[in-house]
Amino acid sequence: MKSSPNSTRALNSLRKENQALRKTQNKKLSDKLEEILNHFKIHMSQSLHNHLRAEESKTQTPQASTTQASLTQPPQSKTPNTKASTVPITLKNPADWTKTQNFLLKHNLTVTNTKKHNSGISFSPNSSNDHHQITRILKSNKIEYYTFTLQEDRKLSFIIKGLDSHMEIEEIHNEIEALGFNAEQTHFYRLGNYKKVFNMVKVLLPQSQANFQKVKHLLNLPVIKNCQKPIFHKCAEPHSYKECQKSGDRPAKCSNCGGPHPANYFPCPKNPNFTLQTEAKQKQTLFNKKVQPGTSFAAKTANFPNSATTPKPANPIQALKPTPVTTAVTETPTAPKSPPTPPT
C-alpha cells in the first residue's frame, strides 16, 4: 500500500521536529552540566585555599615550650587583624553572582555566609583586607553592590563653631592642613535637607588625629569644636547599642533634657516638633473657649445694629457734587374736537 504524499510530508516534518527537540534538550543538559562543573570547581578551589591558609597559620605560630624561661617571657604582640569581617557585601543584581565568583576565584579570595534574600545575594569576606579588595574589584567592574563602613575606616567628625558662612571654605581647609591634620572633607554644616548654611564647619579626620580637639584658633579666630561621639538614646552614655549594660528595671534617661524617657520620645520638651504641635494645640484651645456651645450666630448678633435700617454716613465726595434742579411741567387740558359735519 503506497502512502500519499501528504502523509510522507507530515512524517518528515515530525522527524525534523523530533530531531530539533532532541538538540535543544541536549544543549540544555550540557549547559546544566557545565554550570554544575563550574560550581564544583569553585567549591574545590575555595576548600583547597582554606586548607592551605590553615596550614600556613599552623606553621607560622611558634610551638609552646614547657621551660621556665618561656613561662616568664611576656606575651608576644598579636598579628594584625585577620579575623573574619562582620560587615557583609550585598550584590543588588543576583545575575552578577556568577561573574563575582569568577573574580573571587581569579584573585584567590574566599567568602563565607553566602545568602540569597530579597535585596540580592550577600556574603562576608574573611578579613578587612579582603573586604577592601573585593569592593575595589566590584567598583572596577561596575557591579552594583552596597555595604557598610568598617570600624577601622570610620572617621572622626568635628563641628567647628565660631566661623562665618561667608568665609571661603578653601581657606579654612588650607588652615587645617597647615596645622598638620589630614582633613578628608571640609564643608559648611547644613541641617537635614535645608538649604540654609549655618555658621558651623564640619571636618572629617582619621581616628588617629583626635588631638584636633586641642586646637583653639583657626584663621586667628577663637573656635569651639564638638566631636560627635555615639550616645545611646536609652541611657545617655557615650557607647553603642551592643556595649550598653542598662537593665530593664532601670529607668531610661534622655540625653537632651535628662528626663526619665528615651531620647527619641516624641513629647520630650526639647523636641522642636513637639513644641510646635503643643503651640498649635494651645491656639486651638483658646479658639474653642471663645466659641459658646448652644448659641447661634443670629442670637449672638441680635444686639448689633442692622445695616438695612441704620442710615449710612454722608459721603463727603457725594456732597460736593451739584444737585440737579427739577422743574414741574404742567399740561393744560385741551377741548375735545367736534366731529366733522357731513356735506349737504
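**Legends to the close-up views**

The protein chain has an accessible surface of about 28300 Å², and carbon and sulfur atoms hold 56% of that surface; accessible areas are calculated by the Shrake-Rupley method with a 1.4 Å probe, and for residues only the protein chains shown count as cover. This is a predicted model, in which local features need pLDDT of at least 70 and side-chain atom pairs count only at pLDDT 80 or more, whereas totals for chains, interfaces and linings use all residues. Residues are numbered from 1 along each chain as its sequence is written, and side-chain values use heavy atoms, with hydrogens and water left out.

**View 1. The protein chain contains eight helices and 10 strands.** Helices (H or I, at least four residues) and strands (E, at least two) are DSSP runs, numbered from the N terminus. Of the 344 residues, 19% count as buried; buried means under 20% relative accessible area, exposed over 50%, and partly exposed in between (1.4 Å probe, protein chains only).

**View 2. T90 belongs to strand β1, residues 89-91.** T90 has a relative accessible area of 5% and is therefore buried. Beyond its neighbours within four places in sequence, T90 is in contact with H117, S119, G120, I121, S122, E144, Y145 and Y146, where contact means heavy atoms within 4.5 Å.

**View 3. L33 is located in helix α1, residues 5-60.** Because its relative accessible area is 51%, L33 counts as exposed.
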